[in-house]
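Keep the sequence and the 3D view open while reading.

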Amino acid sequence: MSTGRKTRGADRKSADMPGFDEIDRKILEILQRDADLAVNALADIVGLSPTPCWRRIKRLEEAGVIKGRVAIVDHARANVGMTVFIGITAPRHETAWLNQFRALIDDLPEIVEAYRLTGATDYILKVVVPDISTYDRVYKAMIERLDFSQINSSISMEELKFTTAVPSTYL
């Protein structure tokens, strides 16, 4: 039976996810912009009293939608203003190599993001460093510890968009 109500991504949520509504989505959008906002202020914005608002935040946390709250650091002011993207092709597709690779990227704090991909490039890494000589040290640390079929590096010239916020539409 159709209710005739339009859903914004709710049909795609997994069966084990609790149902979230527009207020939950609004809370999530606001917290992604300002996680330090007091619950009282957040409650006022979304039209709830503080206790129900707090319960909704806790439910988002318990469901794993909110994984944590962090400070976003300005790269230039932290002296890591150079961003390098590294495309990696693995020499072989084996669990042992992947485990060594995971250990390698965990050990290098300059690697701030890492993804396994489809296509010709197996992995992409985002590295933040102060300069090219520091990147060279990171590169050498990588190739000393592990074999790679290919490594391609691209230095970012300009950050056009950066956000940690994800769309709440599909919640």
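Accessible areas here come from the Shrake-Rupley method with a 1.4 Å probe. By that method the accessible surface of the protein comes to about 11700 Å². Carbon and sulfur atoms hold 50% of this surface. The model is predicted.

## Overall make-up

The protein has 5 helices and 4 strands. Read from the N terminus, the elements run α-α-α-β-α-β-β-α-β. The protein has 171 residues, and 27% of them count as buried. Among contacts with a separation of 6 or more, 66% join residues 24 or more positions apart.

## Helix H1 and its partners

Helix H1 covers residues 22-33. Its 12 residues reach 17 Å from the first C-alpha to the last, close to the 16 Å expected at 1.5 Å a residue. The buried residues of H1 are Asp24, Arg25, Ile27, Leu28, Ile30 and Leu31. What do the buried residues of H1 pack against? They pack against helix H2 (39-46) and helix H3 (50-62).

Take Ile30 as a close-up. Ile30 has a relative accessible area of 5%, so it is buried under the 20% cut-off. Beyond its neighbours within four places in sequence, Ile30 is in contact with Leu37, Leu42, Ile45 and Val46. Leu42 is 12 residues from Ile30 along the chain, and their C-alpha atoms are separated by 7.7 Å.

## Helix H5: two sides

Helix H5 spans residues 132-145. It has 14 residues and reaches 20 Å from its first C-alpha to its last, close to the 20 Å expected at 1.5 Å a residue. Its buried residues are Thr134, Tyr135, Val138 and Met142. Why do they sit on the same side of H5? They cover an arc of only 105° around the axis, and that puts them on one side. The general rule is that an α-helix has 3.6 residues a turn, so residues three or four places apart point the same way.

The face of H5 turned away from the buried side carries the exposed residues Arg137 and Glu144. The cover over the buried residues of H5 includes strand E1 (82-89), helix H4 (95-107), strand E2 (111-116), strand E3 (123-129) and strand E4 (150-155).

Strand E1 also holds Thr83. Thr83 counts as buried, at 11% relative accessibility. Leaving aside neighbours within four places in sequence, Thr83 is in contact with His75, Lys126, Val127, Val128, Ser154, Ile155 and Ser156.

## Aromatic pairs

A search of the whole structure finds 6 aromatic pairs. Two of them are set out here.

| Pair | Distance of ring centres | Angle of planes | Class |
|---|---|---|---|
| Trp97 and Phe101 | 5.1 Å | 10° | stacked |
| Tyr135 and Tyr139 | 6.4 Å | 45° | tilted |

Why is the Trp97 and Phe101 pair stacked? Its planes stand at 10°, and planes under 30 degrees apart count as stacked. Trp97 and Phe101 are 4 residues apart in helix H4, so about one helical turn separates them. Both are buried.

The Tyr135 and Tyr139 pair lies in helix H5, again 4 residues apart, about one turn of the helix. Is each of these two tyrosines buried or partly exposed? Tyr135 is buried, with a relative accessible area of 8%. Tyr139 is partly exposed, at 29%.

Trp97 and Phe101 also belong to an aromatic cluster, together with Tyr123 and Phe148.

## Nonpolar cores

In soluble globular proteins, nonpolar side chains tend to be buried together. The largest nonpolar core here has 20 residues. Those with the most contacts inside this core are Ile86, Ile88, Phe101, Leu125, Val127, Met142 and Phe148. The elements that give two or more residues to this core are E1, H4, E3 and H5.

Which residues does Leu125 touch beyond its neighbours within four places in sequence? Leu125 is in contact with Val84, Phe85, Ile86, Ile88, Phe101, Ile105, Ile111, Glu113, Ala114 and Met142. Ile27 is one of the buried residues of H1, and Val46 is one of the contacts of Ile30.

Technical notes:
Residues are numbered from 1 along each chain as its sequence is written. This is a predicted model: local features need pLDDT of at least 70, side-chain atom pairs count only at pLDDT 80 or more; totals for chains, interfaces and linings use all residues. Side-chain values use heavy atoms; hydrogens and water are left out. The expected span of a helix is 1.5 Å times one less than its number of residues. Buried means under 20% relative accessible area, exposed over 50%, partly exposed in between (1.4 Å probe, protein chains only). The arc is that of the directions from the helix axis to the C-beta atoms. Contact means heavy atoms within 4.5 Å. Rings of Phe, Tyr and Trp (its six-membered ring) pair if their centres lie within 6.5 Å; planes under 30 degrees apart count as stacked, over 60 as edge-to-face and the rest as tilted. A nonpolar core is a set of buried Ala, Val, Leu, Ile, Met, Phe, Trp, Tyr and Cys residues joined through side-chain atoms within 4.5 Å.
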